[in-house]
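Please look at the model below before reading on.

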Amino acid sequence: MPKLHIVANRLPYSISKQDNEYQLIESVGGLATGMKSVYTEYGGKWIGWSGLNSDDLNPKEAAEIDALLEEKGCATVPLSENDILEYYEGFSNKTIWPLFHYFTQYVDYSPENWETYKRVNQRFADRVLDVCEEGDTVWVHDYQLLLVPEMIKSKKPGVTVGFFLHIPFPSYEVFRILPWRMELLSGMLGADLLGFHIYDYERHFISSVRRLHGYEINFNQIHAEERIIKVDAYPMGIDYDKFSKASTAVMQKTIHERSDLHKELEKYFMVSPDRRLILSIDRLDYSKGIPQRLKAFGKFLEKYPDFRGKVTMIMLAVPSRGHVEEYQLLKKEVDELVGKINGEFGSVNYAPVWYFYRALPFENLVELYNTCDVALITPLRDGMNLVAKEYVASRNTQTGVIVLSEMAGVSKEMGEAITINPINEDEIAEALNTALTMPVEEQKERMKYLQNRIQRYSIFKWAGDFVQDLDKVKLLQKEYLAKKITSSVYNEIEAKYKKAKNRAIFLDYDGTLTPFHKNPLEASPNEELFDILKKLIADEKNTVTIISGRDRYTLEKWFADVPINLICEHGVWLRKLGEDWQTLTSVNNDWMPMIRPILERFVDRTPGSFIEEKNYSLVWHYRKAEPDQSLIRANELKDELLGMVGNLNLEIMEGSKVIEVKNGGINKGIAALQFIKNKKYDFLTALGDDWTDEFMFKELPKEAISIKVGLKRTAAAYKLESVDAVRDFLKKLGDN
């Protein structure tokens, strides 16, 4: 039975040593909670690092730890001190982390760290390859392992690979800064399904793929060389019931059962019942906007003096990467700001900021969630931010207000929160005033909607949806690969080819016989293509025809020395071997002066685009234009043209990076039928790559061997993945 394996930097257990024996401590929350049920249910393994430096372990200790983890369904990847320094602390957290969070000034471009990152990613991939079998599914997690999907896929293509990024994916303009951008994208594209928290990150990723790799992308499907890769957004949830039940249990405890923190909070309210609490919980990281938050709180106290002595911000800053200079400077700044605010607005009996520089146990967190009136969550950039969801799940009274940064991924799900720009200190101060003065009825109304939504899309629903979509991707890929010309399929076609006495072969040009070029006028055939065609033509049983959207002058010039039939401009012109050019239908070009100014206007507005004029059609090319802008312009052009072409008996044809306006009633299918009319062919084949060739596939007789080039949906009977595959296919036929 196929298994599902989880791959993450860390295993879902931490390891402690007591009385010379190693013990496992189960991790709680976040990924560990959501993935545990998934990989155990499917009988898979969790592959990751144990958290211990392998240099500090002798072989016996390492074997003992591996055995303990093996019992829990875990497979370990050892990391040395140097690995941790250069792969984890280095490339992962000094290069990818700041860049993906838009802190480009902190990015370290160390080639040594990059080499270690590659080496460690390969080690993770090798461990996965040891564990998994063909037909299994592997789900890789986060920015430390961006190269792993491709490393797995290249060795075991039958394994389905999912990848989820738990941090933002930056815009193309930021991502392109990285010297190793192509390698990272290629690594991620080894996955069959890529998940991001929100659509913005998905959109940024797709934009980078389109610009750097040039793959065709339809909606959220990337058409790579031999695969369809799906990209989608899955906003990660939490274990809602765990927080809700813990909150109820905490508040039902007697005074003697309560924690020291809870007792201190009770004393606080006994001394001053009208006091209000604002909660700030974060890892001490520059992406969290903690200094800006403190300054905004100081501005709030300055602007609304009535709240002095009545409002306290509890700020929990969890230590993080304390040995890194940027983090040391951040802590120094935060310490100074806390001291400044407390010194300026505090008194003997009042501290505006309660500052905790440490992590707190789960129970204490729930106590804070339950007690604080406002959650102040203002990261400068955050992939998701689960603190906001945990706060909502813990508010069993349905009171409380969230002041939330619009830069946090979770803001897309929390329209009922008060959203702010985390840099705008005045806006945050105003938001705090709004939150603290909000009527209880309005608080409950907002909280009710938030709780319903977050409870519904829990971490278990999140994980289940992703796994379900992985299965759907398998089916999608099978649909596209079902018609692929395998060796056995080729043998069947070859047998028909050999048996036939009169063959007609129709070949599209651009995207079929030759790759697309940024400048279509430079896509002339090379010697390899001439050799292939001459071999086919040399067989007197073959009638070979190039059927293209190109103009007749270009094809006539390119194939002047090749005895081949030519059909041009999608079926307007035909030149049979040894004959003159003739039109296949009644056409005119009187309409061109009306349409050309429209196309010229779009050329002016779209740098890199240009107009090609044929005898009976006008073509707007945008292959050299900026990808995202050109797609917008293409849609605008189609909309504008649609209002005119109906009255002029014209058609709009959309090819690969082109929009062509031509006379109606003309297409490759009609042209091909006219060509074979009154002739008896016992072998018919047609090869083409875009939707203009679909007319040919549909119009030709059912027994025709129609072949689509690429991985798009098609009416063709078979598929070849690329121009190289087409040339190999034709070479084999020619060799017969």
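Which residues point one way from β28, which point the other way, and are they buried or exposed? Ile-705, Ile-707 and Val-709 point one way from β28, Ser-706 and Lys-708 point the other way, and all are buried. Buried means under 20% relative accessible area, exposed over 50%, and partly exposed in between, using a 1.4 Å probe and protein chains only.

The model is predicted: local features need pLDDT of at least 70, side-chain atom pairs count only at pLDDT 80 or more, and totals for chains, interfaces and linings use all residues. Residues are numbered from 1 along each chain as its sequence is written, and side-chain values use heavy atoms, with hydrogens and water left out.

**Strand β28 and its partners**

- Strand β28 covers residues 705–709, and five of the five are buried, so the strand is largely enclosed by the rest of the structure. Strands (E, at least two residues) and helices (H or I, at least four) are DSSP runs, numbered from the N terminus.
- Strand β27 (residues 683–688) runs parallel to β28, and four bridges join them. Two strands pair if DSSP finds at least two bridges between them.
- Leu-687 is found opposite Ile-707 of β28.
- Between β27 and β28 the chain passes through helix α24 (residues 694–699), in a right-handed β-α-β crossover. Right-handed means that, with the strands pointing away from the viewer, the path from the first strand over the helix to the second runs clockwise.
- Strand β29 (residues 718–720) also pairs with β28, in the parallel sense and over three bridges. Here Ile-707 stands opposite Tyr-718.

- Strand β6 (residues 137–141) has five of its five residues buried, so it is largely enclosed by the rest of the structure.
- Thr-137, Trp-139 and His-141 point to one side of β6, while Val-138 and Val-140 point the other way.
- Strand β1 (residues 4–10) pairs with β6 in the parallel sense over four bridges. Leu-4 has Thr-137 as its bridge partner, and Val-7 stands opposite Val-140.
- Strand β7 (residues 160–164) is parallel to β6 and joined to it by five bridges. In β7, Phe-164 stands opposite His-141.
- A right-handed β-α-β unit is made by β6, helix α5 (residues 148–155) and β7.

**The sheet around β6**

- Nine strands form an open sheet with mixed pairing, in the order β5-β4-β1-β6-β7-β8-β11-β10-β9.
- Its edge strands, β5 (74–76) and β9 (216–218), each pair on one side only.
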